[in-house]
Amino acid sequence: YSGSVDWVMIPVECDRYSLWNRVTLGVDRRGRTVRFHSPDEPEAWELKLPESTSMFRYVFPMHRGWGIGRMLVLQVGADIMGVSPWNERGEPQAEVVWYLEGYPQQQPQLNDLGIRQVLPRIGIKEPMLEVLDQYGRIIGNFGPVGAGQFYLFRNGKLEARETATASLVWQRKMIKPYRHCQADAEYVFLHRPDQRELEILRGVDGKTIVVRTVPDDTSDILVMQGRFALKSEIAVNGEVSVGWYDLFADRYVWQHTAPAMTIPFTTDNESLGLLEADGTLKLLNLKKGTILSEQKVELPESISNVHCAATERQLVVAITGPMKDPAKLTETELRIDHRRPLINGRLLALDRVSGGLIWEREIGDSAFPLEQPRGVPVLVFNHWETRSDGTEQKKTVGVMKCLDLRTGDDIVQVEGESWGDHYAMTLRAEQGRLEFHSPNQTIRLTYAMGKEN
């Protein structure tokens, strides 16, 4: 293998049955190239991205995508673009359809930037740090992205643009920065927790409909989707209440009460997990509140967090306690971002549709990449460790471990100089072959997929 190994997988927000659930998306470390893998194509294909002088091209925790039909809306750093990965004949030939710079007039200077720490919440995937520009606005705070329109704040204005072409629909000069933005086909909702405000705009022209007074924080909101918010509250008696709240109608669509010490955790855009203190694990339909599944699972001695990665057909849940040996982890891992949480405890897989338990097992100290290869029966865990060679000298070793997604069984574990974070993946689905590449090693896996898998 002679290509680059500096790829990092990035999340793509899409519906459960979208073709994007079968596409693995990677961006190189410098933010210059995007790479696509699909089990429906014979090999990977790449797209060189537009040149940019933005310092945020290198900040890969900001990279993300939205899958809209066959189109990809891609955010790389503080820039956003529309990408067509296939040509008119359905062949893998990617091109950039439109491109917008986050700061087209003047890039913020390094000395003008601010950092706001976000307190971590158990069971929730969200950035631990927010980078602010000179006006106190979150850099790269794009979205939401819908089939018709998407929204972004730049040049001191909130813009609504057509998703297919990026043509401007309307823009509004915003005096107050907002923390979160969500929208459906009719309305746009701007959350300003510092001012205890929720401003609701019309989606068609951006006119303000109402400004409501709300609680002084959004810590009770677990998920924002369309015009709805998933809220969680703890009662005086310790019971945990979760509910699907209609922001426009200002009322709950449904509510569910769980025993004290229950941990709600996010899964995908269709369901919600609830882990009770006795090991009862429930999966709820997000929009209806109905219970999809309920089963008992083994728990670690203590629980510090719950994480979930959604693959094409499964929800992989890590119920983690404290690290057994945090001293062996490098400073790189201790400063880990929200997409690679540290885990040590129980690992289990649920059917993404029925919620049924497929397998469960123990998992030792590791980083858990929440973006996993799609369309292949493999889970990948990789992290950096500090090792002693018997003297005062210490060395850093990358550890990579592959599990069978269908059974949870170990497949292979390797160590080397660069397996700790970035690597390259080569998928040849027709041959049932999957390869992982570092600068001086290659792991080659062969597999067979049945009709059910």
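The legends below describe several views of one predicted model, beginning with the whole chain and moving on to selected strands.

View 1. Buried residues make up 54% of the 453 residues, while the chain exposes about 21200 Å², of which carbon and sulfur atoms supply 48%. Among contacts between residues at least 6 apart in sequence, 46% join residues that are at least 24 apart.

**View 2. The open sheet of four strands, in the order β15-β16-β17-β18.** The pairing in this sheet is antiparallel, and the edge strands are β15 (180-183) and β18 (208-213), each of which pairs on one side only. From one strand to the next, the twist averages 15 degrees. Strand β17, which covers residues 197-202, pairs with β18 in the antiparallel sense over five bridges, and a reader who wants to follow this pairing residue by residue can begin with Leu198, whose bridge partner in β18 is Arg212.

**View 3. Leu190 in strand β16.** Strand β16 runs over residues 187-192 and contains Leu190. Is Leu190 buried or exposed? Leu190 has a relative accessible area of 0%, and because residues under 20% are counted as buried, Leu190 belongs to the buried ones.

**View 4. Strand β32 and its pairing with strand β31.** Strand β32, residues 394-404, is mostly covered, since eight of its eleven residues are buried. Strand β31, which spans residues 378-388, pairs with β32 in the antiparallel sense over eleven bridges, and His383 can be found opposite Val399 in β32. In a regular strand, the side chains alternate between the two faces of the sheet.

**View 5. The hairpin formed by β32 and β33.** Strand β33 covers residues 410-416 and pairs with β32 in the antiparallel sense over six bridges; here Leu403 has Asp410, in β33, as its bridge partner. Five residues lie between the two strands of the hairpin, and in this turn Gly408 has a positive phi of about 85 degrees.

Notes
Residues numbered from 1 in each chain as written. Predicted model: local features only at pLDDT ≥ 70, side-chain atom pairs only at ≥ 80, totals over all residues. Heavy atoms only, no water. Buried < 20%, exposed > 50% of the residue type's maximum accessible area, 1.4 Å probe, protein only. Pairing = 2+ DSSP bridges. Axes fitted to C-alpha atoms, helices over the stretch in contact; angles between N-to-C directions. Contact = heavy atoms within 4.5 Å. Areas by Shrake-Rupley, 256 points an atom, 1.4 Å probe, with all protein chains shown as cover.
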